[in-house]
Amino acid sequence: MAANLENIDLPLSEFVKLPTTVDFSIINTDRFKVYVKDKPFIKLGTEMANELIIVYTHKDNLPILFEDLGNDFNEFFPKIMSPLDSRSNEDSGITQIQNQPFLSLSGRNVVIGFVDTGIDYTKDAFRFEDGSSKILYLWDQTIDGNRPDYLYFGSVYTQEDINRALNSDDPHSIVPSIDEDGHGTFLASVAASNERGEYIGAAPKAYIMAVKLKRANEFYIERFLLPKDNPNLYESTDFVLGLKYIFDRVEELNLPVVQCIAMGSNSSSHDGNSLLEDYITFVSQRAGYCLVTAAGNESNARHHSQGKLPRTGTTETISVKVGRQGESFSLSIYGPAYDKMSASITSPTGEVIARLPFKVGLKYSEKLVFEASTVSVQYYRSHSNLIWIGFKDATQGIWDITLFGDAIVSGEYFAWLPITGQVSEYVELLKPVPEYTIVYPATAIGSLTCGAYNSNDNSLFVSSSWGPTRLPRMAPDIVAPGVNVNGIYPTGVGTKSGTSVAAAITAGAAALLFEWGLIQGNLPSMDGDLVRTFFISGATREENMLYPNTKWGYGRLNLYGSFAVIRESIINYYVL
């Protein structure tokens with residue numbers, strides 16, 4: 001198959017605008033550098049500090065890349081991410097710290113980063129007392145405008161641009177970025193609002209850097225059978241570019257950063273080994289970097305199941321209930337790379353797609369004879385084996401997927417439907433399991449993973465995802481208030497529930513800790529791992545509960561408790 005060489009002479013900034021252009025990420029190894037040297041149809045984009053690189057090509061070239069680079073290439077496809085939603089400062093011990101005159105902590109000279117749906121920069125919550133903006137940089141990926149040469153799309157607005165807009169009669173004529181959804185604005189207000197009273201953020205004097213994500217490429221939305229009417233579908237490749245943009249700016253300014261990650265996906269092996277999660281773990285080891293991730297809202301969504309094939313030659317059945325005719329969705333089944341499993345599918349009317357023997361790279365699609373449904377089966381191998389099954393225009397009823405143990409060592413398998421918002425509410429697993437529902441990229445080893453609880457009655461938020469991860473790693477690390485939390489939308493004040501809100505509160509608390517350790521010089525080597533250690537040490541724990549556990553992690557966020565632990569052992573920390 002010949003490569004598609006269409007438009008290869010265009011500069012990358014123009015090439016990325018074409019509807020036929022797709023992106024993916026890969027580690028820029030010596031082998032890959034040799035491979036692309038004589039491949040003009042492959043255009044290289046931004047490279048991260050850990051050699052992860054974003055690459056662009058025509059969508060018709062993907063089969064060639066699969067063949068040449070190996071069939072574990074599926075790992076390089078972008079994951080499609082969505083926002084994780086469905087009296088917080090005082091309940092988290094933050095207000096007590098803000099009111100300590102000797103500490104005098106409010107997040108000064110610490111950056112809180114958001115790669116999300118954008119931010120309404122016109123809100124008073126995001127201004128200092130002199131009227132100037134708290135937002136140092138805003139990269140809007142959806143607007144084609146002024147940007148530095150190292151970015152290939154979008155438009156960048158500086159604090160100076162935003163101040164100029166705020167002082168004009170028509171701000172959006174100068175900085176036209178708008179947060180249509182409000183998710184990013186709300187989280188930024190919870191973490192860093194400078195409004196006094198009920199809507200003050202956890203770190204009111206912190207700076208903000210924001211990236212507004214562009215919508216995922218239609219090619220990937222169709223390929224993964226995601227709902228086309230969902231505007232909040234974003235690619236992990238664009239997300240990691242947003243992270244790098246913020247990290248590069250804080251390096252230039254020599255400021256610490258807390259990154260609030262409130263997007264997620266189920267399209268990963270949930271073991272922390274994806275390319276984005278490797279990047280998160282890599283940067284979290286730097287002093288002055290802390291990445292807070294929302295655990296997800298999937299524990300009661302009926303999107304996960306698991307089981308075990310006891311030995312070679314045995315079978316297990318996973319059943320999916322489709323409650324409405326014509327739904328399209330996918331199911332991802334992961335198992336250890338040293339096992340070999342294969343699958344057959346039985347439709348609600350009894351039509352059978354016979355067992356397809358496991359072969360890395362297999363891609364099979366069949367339109368059923370007596371139904372309008374099309375079923376696709378694909379096999380991949382990387383850190384785990386993956387059986388990906390796509391159901392297009394699925395018949396209403398029960399679909400049975402039979403797993404065959406072709407060669408079994410462990411036999412464990414894990415099955416995930418897409419997260420809430422990426423699959424219809426009419427599609428669910430018949431035997432759901434709430435454990436192992438921490439979403440990507442919160443399964444990253446280096447992230448501070450945050451679940452949610454109701455601070456009114458100290459009960460766990462009903463949807464807060466349960467751990468552990470497949471690493472295995474205990475998760476979440478902690479929980480923070482995440483039910484009916486007050487905040488600010490572009491349309492005004494309101495409330496929101498979910499682990500994304502809990503992550504924003506935790507990010508603000510981390511900013512206060514960074515201000516004490518890094519800005520005030522008490523612990524200049526503080527990094528994300530040490531922030532996690534302090535939060536775990538100071539967390540509130542119930543006497544009648546064992547910790548850590550898969551629901552609450554190590555307990556409820558209590559920043560005041562963390563400082564009490566620091567005070568009791570301050571000599572030891574200074575000695576380190």
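In this predicted model, helix α12 and helix α13 (residues 559-568) pack at an angle of about 100°, and their axes lie 7 Å apart. An angle from 65 to 115 degrees counts as roughly perpendicular, and α12 and α13 are therefore roughly perpendicular to each other.

**Helix packing**

- On the α12 side, the contact with α13 is made by Phe534, Phe535, Ser537 and Gly538, while α13 contributes Leu559, Gly561, Ser562, Val565 and Ile566.
- Sorted by kind, the residues of this contact between α12 and α13 comprise 5 nonpolar, 4 polar and no charged.
- Helix α12 (residues 528-538) also packs with helix α11 (residues 499-519), here at an angle of about 105° and with the axes 11 Å apart, and α11 and α12 are therefore roughly perpendicular to each other.
- In this second contact, Thr506, Ala509, Ala510, Leu513 and Phe514 of α11 meet Val531, Phe534 and Phe535 of α12, and the residues involved divide into 7 nonpolar, 1 polar and no charged.
- Phe534 and Phe535 take part in the contact of α12 with α11, and they also belong to the contact of α12 with α13.

- In soluble globular proteins, nonpolar side chains tend to be buried together.
- The largest nonpolar core of this model has 75 residues, and Phe239 and Phe247 are the ones with the most contacts inside it; the largest share of this core, 8 residues, comes from α9.
- If residues up to four places away in sequence are left aside, Phe239 touches Met81, Val115, Leu213, Ile261, Met263 and Leu276.
- Another core, which lies apart from the largest one, has 72 residues, including Leu84, Ile135, Ala503 and Ala504.

- Helix α10 is mostly covered, since 7 of its 9 residues are buried, namely Leu275, Leu276, Glu277, Tyr279, Ile280, Thr281 and Val283.
- Among the elements that cover the buried residues of α10 are β1 (21-27), β3 (52-58), β4 (80-83), α9, β10 (257-261) and β12.
- In α6, the buried residues include Asp161, Ile162, Asn163, Ala165 and Leu166, and their cover includes the strands β6 (135-140) and β7 (155-158).

**Salt bridges**

- The structure holds 21 salt bridges, and one of them joins Asp161 to Arg164, with a distance of 3.2 Å from N to O.
- Asp161 and Arg164 both lie in helix α6 (residues 159-166), where they are 3 residues apart, about one turn of the helix.
- Because buried means under 20% relative accessible area, Asp161 counts as buried at 19%, whereas Arg164, with a relative accessible area of 46%, is partly exposed.
- The side chains of Glu251 and Arg286 also meet in a salt bridge, at 3.9 Å from N to O; this pair links distant parts of the chain, 35 residues apart, with Glu251 in helix α9 (residues 236-253) and Arg286 in the loop between α10 (275-283) and β12 (289-294).
- Glu251 is partly exposed, with a relative accessible area of 47%, and Arg286 likewise counts as partly exposed, at 30%.
- Arg127 forms a salt bridge with Asp124, in which the closest N and O atoms are 3.8 Å apart, and Arg127 is partly exposed, with a relative accessible area of 22%.

**Backbone features**

- Most residues other than glycine have a negative phi, and most peptide bonds are trans.
- The peptide bond from Leu471 to Pro472 is cis, with omega near 0°, and Pro472 is found in the loop between β25 (459-460) and β26 (478-481).
- A cis peptide bond also runs from Tyr547 to Pro548, with omega near -5°, and Pro548 sits in the loop between α12 and α13.
- Asn458 has a positive phi, near 60°; this residue lies in the loop between β24 (448-454) and β25 and counts as partly exposed at 37% relative accessibility.
- Asn484 has a positive phi as well, near 50°; its place is in the loop between β26 and β27 (485-489), and at 48% relative accessibility Asn484 counts as partly exposed.

Notes: Residues are numbered from 1 along each chain as its sequence is written. This is a predicted model: local features need pLDDT of at least 70, side-chain atom pairs count only at pLDDT 80 or more; totals for chains, interfaces and linings use all residues. Side-chain values use heavy atoms; hydrogens and water are left out. Axes are lines fitted to C-alpha atoms, for helices over the stretch in contact, and angles run from 0 to 180 degrees between N-to-C directions. Helices (H or I, at least four residues) and strands (E, at least two) are DSSP runs, numbered from the N terminus. Angles under 35 degrees count as roughly parallel, over 145 as roughly antiparallel, 65 to 115 as roughly perpendicular and the rest as oblique. Contact means heavy atoms within 4.5 Å. Ala, Val, Leu, Ile, Met, Phe, Trp, Tyr, Cys and Pro count as nonpolar, Asp, Glu, Lys and Arg as charged, and the others, Gly among them, as polar. A salt bridge is a side-chain nitrogen of Lys or Arg within 4 Å of a carboxyl oxygen of Asp or Glu. Buried means under 20% relative accessible area, exposed over 50%, partly exposed in between (1.4 Å probe, protein chains only). A nonpolar core is a set of buried Ala, Val, Leu, Ile, Met, Phe, Trp, Tyr and Cys residues joined through side-chain atoms within 4.5 Å.
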